[in-house]
Amino acid sequence: MAISIQRKAAFAAAGLVVTTGLGLVACDATSARETKLSAGGTKSTQAAGSLSAAQIAAGGTRVSGDSANTPVYLIKGYRQKVTDTGCASKWSGAVDAMRGWGWTGKFHRVGYYSTDNPKGCVRIAKGSNDTSIKDLGRNLAQNIYKNYSSKGQTVDIVAHSMGGLVARAAIAGYARHEPGWPPKLLIQDVVTLGTPHKGAILPTYCASNRQCREMSGTNSFLNWLGPQLPQAEGGTDWTLIATDRDEAVNSSSSAAELIGAQHRVRYAPVAGLRHSDLRTRTSGHYRLNYSLNDGGWKHIRNGAPPTRVAMDAIYWSSKW
């Protein structure tokens, strides 16, 4: 099975957006020029940072800033019992898939629990589920600044569940010039997967620890984050991906409206995707809905898997 990428849908100079749903549609029919994108498929030879064969076949137009070379920070989510060591392994499927689709940038898999195996991971803390998400955000911002922003290089972020709040906190603290945050932060794109932007569904399961309390409903941490998604220096493009079958975070929270997201994607209940599937699913066709700039929802019957949508979202430099 191959996934065909739709036409580039941004004409920033003219102020026009054609809402074709970039990278959301998974098509059965393939042309001779398309790249095989599913697991086990073949990939056409391409220059680093160039459009893929599938994008060219679909009529995609490269604009300044689009790049598959950008470093990507992959941030995992919350654990009620901090016993796992899977900082790197949680993203193995996504990394393998994105490499197969032509992504050449460096991946940084972020760890912050004391049990996280440092091999293959960027350790921003050695904490527990009582470590404040705000503190993790500050540490993430400092790591990005040290390795990239201080050198004038931008990065992208793909974050699952609580990891999206860590990313949001990193940018929020910078934007407000909070003490301890770096003087410069360059984050071009952020994709959140099942992140509780407006709180999680079942906070009572873990009310005894700080991180879960901070994710639940109205509290001081969510109040500190503010009602709008923050912007790093030069601007940050936000994509929120949700599933209506999420058992941990309601899709109205993970794909929240009116908080400043440029793109929102919701997988329909019939797609059967659960909370962790948003991080791990790299193949298949799924019904989904998408919205640009809080506009009306548009339906796609044969939608691409979450990992593919996330990669396309961080590839393009402008709005879809």
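Author: Buried means under 20% relative accessible area. This model is predicted.

Reader: Is Q262 buried or exposed?

Author: Q262 sits in the loop between helix 7 (251–254) and strand 7 (263–267). Its relative accessible area is 11%. The cut-off is 20%, so Q262 counts as buried.

Reader: Which backbone atom does the side chain of Q262 reach, and at what distance?

Author: A polar contact needs a pair of N or O atoms within 3.5 Å. The side chain of Q262 meets that limit at W238. The atom reached is the backbone nitrogen of W238, at 2.7 Å.

Reader: What is the phi of S161, and where does S161 lie?

Author: Most residues other than glycine have a negative phi. S161 is not glycine, yet its phi is positive, near 55°. S161 lies in the loop between strand 4 (155–160) and helix 4 (162–175).

Reader: Is S161 buried or exposed?

Author: The relative accessible area of S161 is 10%. Buried requires under 20%. Therefore S161 is buried.

Reader: What is the phi of D294?

Author: D294 is found in the loop between strand 8 (286–292) and strand 9 (298–303). D294 is a residue other than glycine with a positive phi. The value is near 65°.

Reader: Is D294 buried, partly exposed or exposed?

Author: D294 has a relative accessible area of 28%. Buried is under 20% and exposed is over 50%. The value for D294 falls in between, so D294 is partly exposed.

Reader: What is the strand order of the open sheet, and which are the edge strands?

Author: The sheet has nine strands with mixed pairing. Their order is 3-2-1-4-5-6-7-8-9. An edge strand here pairs on one side only. The edge strands are strand 3 (121–127) and strand 9.

Reader: By how much are neighbouring strands of this sheet turned against each other on average?

Author: The figure ignores strand direction. It is an average over neighbouring strands of this sheet. The turn is 20°.

Reader: Which residue is the bridge partner of Y73 in strand 2?

Author: Strand 1 (residues 72–75) and strand 2 (residues 107–113) run parallel. Four bridges join them. In strand 2, Y73 is partnered by H108.

Reader: What angle does helix 3 make with strand 3?

Author: Helix 3 (residues 133–147) packs on the sheet. It touches strand 1, strand 2, strand 3, strand 4 and strand 5 (187–193). Its direction makes an angle with that of strand 3 of about 145°.

Reader: At what angle does helix 9 run to strand 5?

Author: Helix 9 (residues 306–315) lies across several strands, including strand 6 (237–243) and strand 7. Strand 5 is also one of them. The angle to strand 5 is about 165°.

Note on methods
Residues are numbered from 1 along each chain as its sequence is written. This is a predicted model: local features need pLDDT of at least 70, side-chain atom pairs count only at pLDDT 80 or more; totals for chains, interfaces and linings use all residues. Side-chain values use heavy atoms; hydrogens and water are left out. Helices (H or I, at least four residues) and strands (E, at least two) are DSSP runs, numbered from the N terminus. Buried means under 20% relative accessible area, exposed over 50%, partly exposed in between (1.4 Å probe, protein chains only). A polar contact is a pair of N or O atoms within 3.5 Å; within protein, one must be able to donate a hydrogen and the other to accept it, and residues adjacent in sequence count only if both atoms are side-chain atoms. Two strands pair if DSSP finds at least two bridges between them. Axes are lines fitted to C-alpha atoms, for helices over the stretch in contact, and angles run from 0 to 180 degrees between N-to-C directions. Contact means heavy atoms within 4.5 Å.
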